[in-house]
Amino acid sequence: MQRTVRRKGGLDPSMIYKVFGAVLFIYLFLGFMVLPCLNTLTSIFTTRDAAGNLDPMAVIRFFFAGNMPSFVINSLKLAVCLVITVNVVGISIVLLTEYFDIKGAKILRLGYMTTLIYSGVALVTGYQFLYDSNGMLTQWLVRLFPAMNRQWFSGFNAVLFTMTFACTSNHALFLRNAIRGIDYNTVEAARNMGAKPFKVLFKVVMPTLLPTLFSLTVMTFITGLCAMSAPTLLGYNSINPEIVRMAGSSVADEAFPQARAALLSMILALFTIVLLTALNHYERKGHYLSVSKTKAKLVKQKIQNPVWNVVAHAYAYILFLIYMTPVVMIVLFSFQNWPAIRAKSLNVSDWTLINFFGTQDYSYTTSRGKQRIREGVISGVFSNADTVGGIRLSFVLSALAAALTCVIVVIAVNYIFKHRGKKRGGLVEACLLFPWLLPTILICYSYRIFFNSDVWYVLGKNLYYRENVRFLIVMAYTVVKLPFALRMVKAAFYAIDDELEDAARNLGASQLVTFLRVKLPIVLPSVLAVFALNFNALFTEYDMSATFHSSYGKSYAMVIQSMTAEEGRDGYNMNGSGRRCASTVFIMLVSGLILYLVYGVGARDLGERLERRKKRREFFARLTGRKQKTA
Amino acid sequence: MIQLKDIVVKFGDFEALHNINVHVKEGEFFTFLGPSGCGKTTTLRTITGFIEPVGGSVSMQGEDITHVPIEKRNIGIVFQSYALFPTMTVKDNIAFGLKIKKLPKAEIERKVSDIARKVDLSDEQLAKAVSQLSGGQQQRVAIARALVTEPAIICMDEPLSNLDAKLRVQLRNELKKMQREFGITTIYVTHDQEEALTLSDRIAVFNKGYIEQIGTPNEVYNHSATEFVANFIGDINPLGEGFVNGLGLPGDKHHFIRLERVRVNREKDAGEYQVKGVIQSREYYGLYIKYYIDAAGQTIKVIEKNDGINIYEPGDSVSVGIHPQDVMSY
């Protein structure tokens, strides 16, 4: 039997840490994954009737008797439609920029990828800004077509439209990589055998993209099913907003709202589990792997038919306009003063930075003709107490959760790799992947209900009470992000050559030193990327924020949502829309910076960094030399 | 220097090494040679301490080190992948072991620059990341890192296998030169018989967890102890009935002859057995030509030096001669 040589003699001092770590892991897993969800599940079957008798099937009966199925049907309808529209748009943008020879493809690609930095609640409110009844585009359209319904952008259509363009980020990333991985020789071979370009596309190219498309379809379906911000803000009765509504309701208002919310979240969980199981099964069957040893780079295909070529170009640029218009408008309007924003008119003379920095007073005349001044009611993102508070809270909570996720995952993956092929390694991995099976809303809802009383498990504390909710938010953020972090960090650990560890040990390094000085520096870029991507996602996260929304847990997303509420009423909150635009610009800058750091700076290895440092030094040396000469 | 006594290693129920006995002498270049999965790397990892045997002992300079932790064995290793730390510069890679030993900074500096000079690494290269070096330079760094801690022996696990053919030959010579200069006992693992023959003072030929033969390159090549060794090192012709009977060899054994020992179109020597044959095909290698000749009821492979004059065409009739003393019988 192979055994690795260990130091002999006495109790291994690291054993204490190992036992402590195991106990802590089990405590956290049970307390923040199993028990709250179990509580939600049992709450469905522990409802009591008016006489106080246990009636386990009450919610189920209520479900079929009341309007609850309509929420499920609405969510399913959205998910199904979204799968179609997102795939049509997603496949289109990838083919137009990567497969077909479309003029200006680089610019088009940038436009299509704006959803990577402009998403979530910021995107939904941005679309609202343009398309709702007072939106700029709606106003233009009404001027063109006076009979048009001003309220066209609400309900299902608005949600579908918004989410279609918001959910193509995965296509832009993963389908693009898949199409770039195609061996061009296969295309040439098909052409050589007489296949026409579109035949090649459908018979050679598309089949190789099917596995990726299947994964994207499942993920889009789940996104549609669990949609939160768009239905909430645009008014569509789907499952998630209803769960949040009922979570905040009481028995005085309606029949057992919590149990009904629990049932809805369990239905969502069932759908998710079935879909992810199907996805997992499909992925295990394997992908179409290129058998080519010398892969040729894909060459863009020119559309020979002039009519189709014009149609393709027109389609590409219309999509570009749909993607870019909200972004451009939001940026432009963030520099306009509030009267210009109200009038939805762009004017250089109305240029201002007030939506970002500083405060202004608002002077107005009352109905009795008196002149009044409201001090500081026009304020910038970084001068408005509410907004700054939201940013600060989201920043701290997101950073804490992202860091905690990384720490847990790095330690866990190191453990998993040490115990590869053993049951305990697999068990730790399964525990960390567990939240993947559960919809975010189920986890958050479960937390909210389970911890909204003095719970023995957390030393009799109510974690939903006052400031404690912030701890709950951090835990929810962390748990939800664990599966993604695990997959990314695990992939990074695979890159560590086993011989590196052997080499370090041979040179006298202990296991801890080997981990800290050899393994961690190798995976650090990936860990930092996971931290940055998680932070980015959580900073403007809406779903969880809405579930935990309270005066002590008002995150940035909730602040953005509330910015236009009661805008200007009684002279308060005059530039809410302007601040919202400025917030979106701020979010885009933060996201853009993070993506640059992750994929730009973070992707460089030591050699590239040293090379750049050398060039910088040479540049400054030349610069200094010239200056000295001039002097 | 290093002695393995009755080493047995098991992976689960599978016995990977069966009673391995090796004695490597001081300053010797000793090679473990064999095909994949024969146990050569397992033996090396047992010496270095990554694997603990279930039976037998490992001793170094007379001291039993079977249960001594890896880092206490004072054995340098050059890994197959070189295992250079990608997040460190060349200098930091070389200094890693010295830093772990907590040597004073000045001493680390001195030792690193000494070893860098010996393995021909410049100051500029020391400041580079390992990814900025060529394969050959990376190998030098790996050797420097293994040697800088002044180990008693150095173990190399197929360090040339990642390089292209030309560089492999070049570095093979450098490796031997360095080993001679440092005078360090070296244990080398390879599956490449040419590498083993050119580098080694002695070779242990492994097969299925056993050592088939230990000997000098000349011994294992010209006096192969077993059929496996004869077959694994170099190329051989199994002799069929025609040759066996013609040479008067005993029929209860297998008989082989190396390709270069078969004589084509030469004057018949005393005791030589000669038959007529026909060239079936040929392979041109530049320095030599390999012929496939139909003779004595079998196809026999022959290597002839390419002198540019005596080149036979398929269909040519030739004489094929074999000396009985060149036949290896098992």
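Which residue takes a positive phi in the hairpin of strand 1 and strand 2 of chain A? This is A:Gly369, with phi near 85°, in a hairpin that has five residues between the strands.

The model shown is predicted: local features need pLDDT of at least 70, side-chain atom pairs count only at pLDDT 80 or more, and totals for chains, interfaces and linings use all residues. Residues are numbered from 1 along each chain as its sequence is written, and chains are lettered from A and ligands numbered from 1 in the order in which they are written.

**View 1. The hairpin of strand 1 and strand 2 in chain A.** Strand 1 of chain A covers residues 359-365 and strand 2 of chain A residues 371-379; six bridges join them in the antiparallel sense. Strands (E, at least two residues) and helices (H or I, at least four) are DSSP runs, numbered from the N terminus, and two strands pair if DSSP finds at least two bridges between them. Within this pairing, A:Gln360 stands opposite A:Ile378 of strand 2.

**View 2. The domains of chain A.** The assignment gives domain 1 (70-241 + 305-333), domain 2 (347-379) and domain 3 (384-562); the bounds come from an automatic or database domain assignment. Between the C-alpha centres of domain 1 and domain 2 of chain A the distance is 39 Å.

**View 3. An open sheet of four strands in chain B.** The strand order is 2-1-4-5, with antiparallel pairing. Strand 2 (14-24) and strand 5 (63-64) of chain B are the edge strands, each pairing on one side only. Two bridges connect strand 5 of chain B to strand 4 (residues 55-60) of chain B in the antiparallel sense. B:Glu63 in strand 5 is the bridge partner of B:Met60.

**View 4. An open sheet of three strands in chain B.** Here the order is 11-12-18, and the pairing is antiparallel. Strand 11 (236-238) and strand 18 (328-329) of chain B each have a single partner strand, so one side of each is left without a neighbour in the sheet. Strand 11 of chain B runs antiparallel to strand 12 (residues 255-258) of chain B, and three bridges join the two. B:Pro238 stands opposite B:Phe256 of strand 12.

**View 5. The contact between chain B and chain A.** In this interface, 31 residues of chain B are in contact with 25 residues of chain A (C-beta atoms, placed from the backbone, within 7 Å). Strand 1 (2-11) and helix 2 (90-100) of chain B are the elements that give two or more residues to the side of chain B that touches chain A. The residues of that side comprise 15 nonpolar, 11 polar and five charged. Ala, Val, Leu, Ile, Met, Phe, Trp, Tyr, Cys and Pro count as nonpolar, Asp, Glu, Lys and Arg as charged, and the others, Gly among them, as polar.

Notes: Two residues are in contact if their C-beta atoms, placed from the backbone, lie within 7 Å.
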